[in-house]
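I opened my notebook for a first look at this structure. Here is what I looked up, entry by entry.

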Protein chains: 4
Amino acid sequence: MRALAKRKPGPGAELIEVPAPRPGPRELLVRVKAASICGTDLHIYNWDAWAAGRLKPPLIFGHEFGGTVEEVGAEVRSFAPGDLVSAETHVVCGRCFLCRVGRAHVCEKTSILGVDRDGAFAEFVVIPEENALDNPRDMAPEIAAIQEPMGNAVHTVLAGEVAACTVAVLGCGPIGLLAIAVARACGASRVWAMEPSAYRRDLASRMGATEVVDPGATNPLEFILERTEGEGADVVLEMSGHPAAVTQGFKMARLGGRVALLGLPSRPLEIDLANDIVMRGLTVQGIAGRRMYATWYQTRELLASGQVDPKPVITHRFRLEEFEEAFELVRSGRCGKVVFQL
Amino acid sequence: MRALAKRKPGPGAELIEVPAPRPGPRELLVRVKAASICGTDLHIYNWDAWAAGRLKPPLIFGHEFGGTVEEVGAEVRSFAPGDLVSAETHVVCGRCFLCRVGRAHVCEKTSILGVDRDGAFAEFVVIPEENALDNPRDMAPEIAAIQEPMGNAVHTVLAGEVAACTVAVLGCGPIGLLAIAVARACGASRVWAMEPSAYRRDLASRMGATEVVDPGATNPLEFILERTEGEGADVVLEMSGHPAAVTQGFKMARLGGRVALLGLPSRPLEIDLANDIVMRGLTVQGIAGRRMYATWYQTRELLASGQVDPKPVITHRFRLEEFEEAFELVRSGRCGKVVFQL
Amino acid sequence: MRALAKRKPGPGAELIEVPAPRPGPRELLVRVKAASICGTDLHIYNWDAWAAGRLKPPLIFGHEFGGTVEEVGAEVRSFAPGDLVSAETHVVCGRCFLCRVGRAHVCEKTSILGVDRDGAFAEFVVIPEENALDNPRDMAPEIAAIQEPMGNAVHTVLAGEVAACTVAVLGCGPIGLLAIAVARACGASRVWAMEPSAYRRDLASRMGATEVVDPGATNPLEFILERTEGEGADVVLEMSGHPAAVTQGFKMARLGGRVALLGLPSRPLEIDLANDIVMRGLTVQGIAGRRMYATWYQTRELLASGQVDPKPVITHRFRLEEFEEAFELVRSGRCGKVVFQL
Amino acid sequence: MRALAKRKPGPGAELIEVPAPRPGPRELLVRVKAASICGTDLHIYNWDAWAAGRLKPPLIFGHEFGGTVEEVGAEVRSFAPGDLVSAETHVVCGRCFLCRVGRAHVCEKTSILGVDRDGAFAEFVVIPEENALDNPRDMAPEIAAIQEPMGNAVHTVLAGEVAACTVAVLGCGPIGLLAIAVARACGASRVWAMEPSAYRRDLASRMGATEVVDPGATNPLEFILERTEGEGADVVLEMSGHPAAVTQGFKMARLGGRVALLGLPSRPLEIDLANDIVMRGLTVQGIAGRRMYATWYQTRELLASGQVDPKPVITHRFRLEEFEEAFELVRSGRCGKVVFQL
């Protein structure tokens, strides 16, 4: 089969031809129909410090995908060939304390698809039955794929109150864009989005943001305080990892409010804990992955009911052969979610 | 001033002329612009057992209203003449354990407007400053009035998870109708409504119910089980007090699900606690009043953002002189919310 | 091996000799060291309506046990021969919505050990690896066994706030007794216990009850209201299933308080929902099983730290041959937990 | 009356003679019996940057106290002369969104006793009726006083789960010491305390710490990881504000765990949000003040039931005239809580 792989340490990737993998007794072999590019994939492609420290090439990367079951292992009970599936990309141990008390998304033995084991930028991928999620057969494969990052958005938004709350979304990459729509669908009264890319600000409006701010032109903190009579937003969703956004994010939240952090700052930041968090009585939530598997069912309901339409977020489609162009586009930020169609 | 009063025990009411009340130092005198009829008012009008046991005539009744501040007591700080206000109708002691730990809505010393003290079916009403809620000046007074019952709906819906949940609403009186819209606005994926009155079933659809069922024609429990592959609804909102609805309501909820009870059955009911509640792991919530005052702020946000449009619920308007016709209509059930315009 | 079995429908049981079971690839064969008698076992022994409707003899019953691993299936990774294990007795499907969102304890496909599949009143029992919980090797097997019912108590007590709360425990069978100790250990300020058996009232005191009431001599509702200046207990734990206890239980809770129902009334009861639950703003929790597996870890911590000492609850020990005497004793109520030693 | 006051900007304080204050209509005049020294008082005494920026001398400082009601204003209903009272030291507006939704402890218009208005290092102090809390008449005044900082400990410990959890307490000043006892009383299975002062480490043991660590001799992070098989503590309570403690605190928490921050770092700190909070799925809580007034009732229950004995925390008593010696002692750290007896 064809696959996009990192064959050795260093930037870039190669389109290779390898034998298709074989499913174990409790695994599924899935024929990938659509696989989308995550920020993590760009880190891998660029071979940044994180990638260099974590990955062990050779590796087929990519983890957001939708595809049809091609073959099932002997002990698989819930799936049959032809099913259209998505996948939770955290393959967890299932035996540790964290897995057994409902925190599998932070299992220390997590093996991530496309990071720690071969992934989905390929014609076929193997996943554990447990990680597979069923979809309606008429769902577009790219929508099946996008449920994974949409799950991050759902997890972040629903990690606390959001109904009848004002919300600030800092950073409008695909997850930020989806978070705007999820927040609105779940009752957020006003959603203000901050994003330097004009392309993504336009998408933010389409996803339902009440107002969209260019932090290069308008001070986001002042904007939020002005909109809220100086009180701040009930909920702040930090989805950029950008130092200024994170630092301002704490100050942007209403006293006693909630700040959910999904974005990953690339280095330690100076935080004024006393004035920004302690005395303001904030709750700060680190958000990792998706709740396994409550988030997936919530995502499914929001899609099936039509309350969230993720389609505008998918802006570009490529063939696997066009991977250089695709990654270049992701790097530019002039896109929403970029999908490989197989 | 003119006022609709219960002058002595017994059915009916009288339109009387009395001196307007005077506000105390921490009270507001409000010129009532719109006052809507609650089920409680019908109980008072009909003089049922509850009313006979609770009320001490003479009494001006009515408690859902919107009006403009006419005069403020000497110590009032937050309001000025001309403000358009609504009122929380539970006047609480503020000193007891319940009031001081955030459960003022069940304060044992509650005096209810229009039940325990003179109410709002009158040209003027006096309320404590603390109970007044400010509104935009351009809000229609009848919308100001309807926030009180909408608050019951908001309290019920948001007493637990609702985003990405399926919801069954049992009973589509005005609060049930508003609960449909609130649940949808807060992310409920599907909302099924049960209501015997064709008039109200039509309103339920307009308020956003996914499907509406006539319990006289279709078994509601079977309907819900069929729609959910036998699993039941995530959330059941019981808003009728009808014995069959309550009994079926518990069986209609998904295992581990939530049943919120707002409707008041007129007599004790046989409940199969072991099979319906204990072994099914349900959480059953008794819902009284509105959270003071979190619910009011939530209601305000849902209205101001346009996420909930309560207007279709207001179906009929009368002058105070037409009260007999108005109460007759409420009794018939061929209406949504009925409002007196003053 | 020897085993206590229900060979055919009808009261009683038989001590039989059968081949020891064999573990499947993901199962453990456990040599039972101690197995305690649950109320469910008495229902089975007595062959009441529930047992007649549910069980399919022949069946080895018994499900609360501690024992050493004798043999492990080929795919078992977490256990080895010699480990001292306890078992979660709900064998669940692992694939349904409920299992996958953290509500496995109400999985509809649950097969209960000793009810739906052969249990632990035997020299050997087979359990899935997933259901096994490891214990310190020096733990007494009867303590290993009692973690199962103690888990019910932990689940009930910790299903909501309990620290700095007043608590009423209705019914002092073994789970009620353990709930007293768990509530105290978790910060309950006063724990009042109600129990008709003098033997068990004495145990209730030993487990830490602040005061113990004989409902035959003192009206429990009046007692609680007197102790709380008429306000009621913050938390009511109903563990008897007795009609009067359940009915009074709702009235005994403080406004806005919590009532957890674990006891199973044998028939539907008349409940005054309007006055007892809705207008009082109560939260009523149906408690089934144990949270899988958070409850087990909580139980382990409470035992390991010495905060809860369950030993006084274990009052009698028998050999399997003495089963008639053992069941007679359980039926009498003049005991705490009764254990078979093997 | 005699009072300890800051008469002008700068270090130190003066014992002055001033007329006793007079209570307003909704205020109480309290004869102070015991007043304890808070870290805030030391900041004021030392006149650090915070004090210089916030205080407007002349001001009587001190805010933790117990005393008897001497006189009540005309509208006071809940208190009478002779009552032994404590005081919530945050005097809030009662009218803002935060006050009205249950977050009064972060009201932006808070006036703090002894900081923004005259305090309790005096023979008499005036407080609003609303801020007064009643005590049993036989309670020692110094215990009445210590409920205020104990409330901080209760608020911190009970801001999330603690029963059956392992807990790390960083910093054993009086609030940290009380937090140890509160955590134990509320079911924490093991409580590890970190404190550089030998004097306070000894107190930590007396308050119930499982083990006490000198961070100058043992690396606290390594200690916690060793005790927890590398997994971390379920709950981390940061009560020192010390940079190393805060930074290590995040790393010390179990994945998906809770870190409550009460200590106030004196400057911004470098925090590795990505690795320490986001990817570890932590919840970080800024803790300000006490919940008004739920925390006070919880504190009362824990004291009245004997579950928490705060007496060992009170180590030194002085007359007001000995203030220089008292503050010198507080500055040294060789003490628990230091009390002025009047």
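I began with the interface: chain A and chain C bury about 1400 Å² between them, where buried area is the accessible area (1.4 Å probe) that two parts lose on being put together, summed over both. Carbon and sulfur atoms give 39% of that area. I then asked which three residues supply 50% of what chain A buries against chain C. They are Arg95(A), Arg100(A) and Tyr297(A), more than any other three residues. I also looked up contacts (heavy atoms within 4.5 Å): 17 residues of chain A touch 17 residues of chain C.

A note on the basis: this is a predicted model, where local features need pLDDT of at least 70, side-chain atom pairs count only at pLDDT 80 or more, and totals for chains, interfaces and linings use all residues. Residues are numbered from 1 along each chain as its sequence is written, chains are lettered from A and ligands numbered from 1 in the order in which they are written, and side-chain values use heavy atoms, leaving out hydrogens and water.

Next I turned to chain A by itself. I found eleven helices and 19 strands, taken as DSSP runs (helices H or I, at least four residues; strands E, at least two) and numbered from the N terminus. The C-alpha trace spans about 60 × 40 × 35 Å along its principal axes.

I checked burial too: 64% of the 342 residues of chain A count as buried, meaning under 20% relative accessible area (1.4 Å probe, protein chains only). Last, among contacts in chain A with a separation of 6 or more, 69% come from residues 24 or more positions apart.

Definitions and conventions: Buried means under 20% relative accessible area, exposed over 50%, partly exposed in between (1.4 Å probe, protein chains only).
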